[in-house]
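Colleague: I am new to this structure and would like a close look at a single part of it. Could you take me carefully through the salt bridges?

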Amino acid sequence: KVKTIIGEIMEYALTTKELASYLKLTETTIYRYVREGKVPAHWEGGRWRFNKDQIDALMGGMETEKHM
């Protein structure tokens, strides 16, 4: 059961490179956003990981703010 849960979490955990590609930004920009607290991230296995659902929610919130 624990392996299944961890597998599901990892399925949505993006690396810095994957997130940069997903958002069409550079890895340097992603690292800067992490440092500035602009994107939710966690340190795992010696690298930053990003939860795709949290990123999508953040981006959806940004789109909503643009339309106000």
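**Salt bridges**

Modeller: A search of the whole structure finds four salt bridges, a salt bridge being a side-chain nitrogen of Lys or Arg within 4 Å of a carboxyl oxygen of Asp or Glu. This is a predicted model, in which local features need pLDDT of at least 70 and side-chain atom pairs count only at pLDDT 80 or more, while totals for chains, interfaces and linings use all residues. Residues are numbered from 1 along each chain as its sequence is written, and side-chain values use heavy atoms, with hydrogens and water left out.

Among these bridges, Arg32, Glu36 and Lys38 are linked in a network. Within it, the side chains of arginine 32 and glutamate 36 meet at 3.8 Å, N to O; because these two residues are four apart in helix 3, about one helical turn separates them (helices, H or I, of at least four residues are DSSP runs, numbered from the N terminus). Glutamate 36 also meets the side chain of lysine 38, at 3.1 Å, N to O. Arginine 32 is partly exposed at 33% relative accessibility, where buried means under 20% relative accessible area, exposed over 50%, and partly exposed in between (1.4 Å probe, protein chains only). Glutamate 36, with 43%, and lysine 38, with 46%, are partly exposed as well.

Another salt bridge joins the side chains of arginine 49 and glutamate 44, at 4.0 Å, N to O. Here arginine 49 counts as buried, with 9% relative accessibility, whereas glutamate 44 is partly exposed, with a relative accessible area of 26%.
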